[in-house]
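Welcome! Here is a friendly briefing to read beside the picture of one protein chain.

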Amino acid sequence: LRSTNAQFISQFFGFYDIIRYGQEAFQTVLKLDNEMTELAKVSNASGNVLNSVFSNAADTAQELGVSIDNVLTSVTDWNRLGYSIADSETLAKTTELFEVVGDSMTQQSSQEGLTSIMKGWSMTADQSMSILDKLNEVANNYSVTTNDEVEAITRGGAQLSSAGNDLSQSLGMIVAANDAVRDPSSVGTMLKTFSMRLRGANSSDLADLGIDTTGMASGTKSVVQIFKHMAGIDIMDGTNYKSTYDILDELASKWQSLTDAERAALSEAVGGKRGGSIMSSLMTNWQDAKNVVETANNSQGSAEREQKNREKSIQVSLNRAKSQVEEVIADMADKGVIKGLIDGFTTILKLVEKITSLFKGWSVIPLGGIFLFLERLATGGISGLAKDFKTIGNGISSVVNTVKKGGVGDTLKESLSS
């Protein structure tokens, strides 16, 4: 190589820069390979199916501005829970979108929240986006976060569902109860208690579950009588119990006309001594509960609209670029290019210590500097090291030839044009 060419190259690429990029490419390939291996073990899917999963994961990553390996991790996690590959892909997309549009949500908390709701209300993967829309739209319009909603539902969602409340009604009660107490965990637990008491559970049953029953009416008959006697409310509809939401909606309409003693007695009948503050918050903010129900029922498309606004951010552009690089590197690995690069770099690294010892005091060894030094060695006649450095040249040639044979340029062109 001519000195001018070596100097030109050295302006752009340091030797250790190339090593670093090679290491990063290797780590990316290793991470993606581990994710695909884990999915293969969990799902027992065929190679064609796994290839399709990877391709779909790459598309999802580009669409949402997240990494491919995160999407693959989510697909595997859902498949491990017993969902089919197709449903797992659907749920993975919802999970990743939940993480990016939610409030302080992680991949784990997003999945746990969706799992709790889907199991509690017997919902399918195809309904997962409607769940996210409800949670997101309510959090965007009321003084509650998606993290608060998930925490409360995780505590009491299954029982609220069993007590005849749909997801929108449950969110309404959570928001109204949390308005004053600001403790979603306690709200979820207490709403669970309310719904159980209003569906026939006696105080001893609740005590067995570890719930504080101090001051609580001892039996179902007592609760029915207290509500009828003090508020004129029948919690039964014929032979069936009314839903928690319907009972509280009726109670809220009469709350202001009740005396303090009557309110306390009603609160203690269903929630014990500790239920008073949450019952008071529910009744005081019941209009919020009704508004939340309407908001949740008209929330279709909320998460995707927020994602569209998020797409304008620099971070999303950076994330998309990263996922594009991941896809290119994975394609290179599939063609054997990465292995060739690693083999070439291994040859070079075996002698790098000999080079660095000759460049003491240099913080970076430019690639051009290597070529210049080789040129000086050749003209100076230092034959002892020339043979070793020839091996370095062969290693570099191996890298270059591997890149050419692997069609990296074509891969990059295809990726940029797609």
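The notes below go from the whole chain to single residues.

This is a predicted model, in which local features need pLDDT of at least 70, side-chain atom pairs count only at pLDDT 80 or more, and totals for chains, interfaces and linings use all residues. Residues are numbered from 1 along each chain as its sequence is written, and side-chain values use heavy atoms, with hydrogens and water left out. The chain has 418 residues, and 47% of them are buried. It holds 23 helices and 2 strands.

**The whole chain**

- Helices (H or I, at least four residues) and strands (E, at least two) are DSSP runs, numbered from the N terminus.
- Buried means under 20% relative accessible area, exposed means over 50%, and partly exposed lies in between (1.4 Å probe, protein chains only).
- The chain's accessible surface comes to about 20,400 Å², and carbon and sulfur atoms account for 50% of it. Such areas come from the Shrake-Rupley method with a 1.4 Å probe, and for residues only the protein chains shown count as cover.
- A contact means heavy atoms within 4.5 Å. Of the contacts between residues at least 6 apart in sequence, 71% join residues at least 24 apart.

**The nonpolar core**

- A nonpolar core is a set of buried Ala, Val, Leu, Ile, Met, Phe, Trp, Tyr and Cys residues joined through side-chain atoms within 4.5 Å.
- Which members of the largest core touch the most other members? They are Phe227, Leu251, Leu282, Met283 and Trp286, out of 77 residues.
- Leaving aside neighbours within four places in sequence, Phe227 is in contact with residues including Leu198, Ile247, Leu251 and Val270.

**A buried charge: Asp179**

- Asp179 sits in helix α9 (residues 167–181).
- Asp179 is buried but has no salt bridge, and the nearest side chain of opposite charge, Arg182, is 4.8 Å away. For charge, Lys and Arg count as positive and Asp and Glu as negative, while His and the chain ends are not counted.
- The side chains of Asp179 and Ser143 are joined by a polar contact of 3.3 Å. A polar contact is a pair of N or O atoms within 3.5 Å; within protein, one must be able to donate a hydrogen and the other to accept it, and residues adjacent in sequence count only if both atoms are side-chain atoms.
- Beyond neighbours within four places in sequence, Asp179 is in contact with Ser143, Ser281, Asn285 and Asp288.

**Salt bridges**

- A salt bridge is a side-chain nitrogen of Lys or Arg within 4 Å of a carboxyl oxygen of Asp or Glu. A search of the whole structure finds 7 of them.
- Glu63 and Lys93 form one (3.1 Å, N to O). Glu63 lies in helix α3 (residues 47–64) and Lys93 in helix α5 (residues 85–101), so this pair ties together parts that are 30 residues apart in sequence.
- Glu38 and Lys41 form another (3.4 Å, N to O). Because they are 3 residues apart in helix α2 (residues 15–43), about one helical turn separates them.
- Lys41 counts as exposed because its relative accessibility is 57%.
- Glu250 and Lys242 also meet in a salt bridge (3.3 Å, N to O). Salt bridges that share partners join Glu38, Lys41, Asp77 and Arg80 into one network.

**A loop glycine**

- Gly301 lies in the loop between α16 (286–297) and α17 (302–310).
- With 22% relative accessibility, Gly301 counts as partly exposed.
- The C-alpha atoms of Gly301 and Lys134 are separated by 9.3 Å, although these residues are 167 residues apart along the chain.
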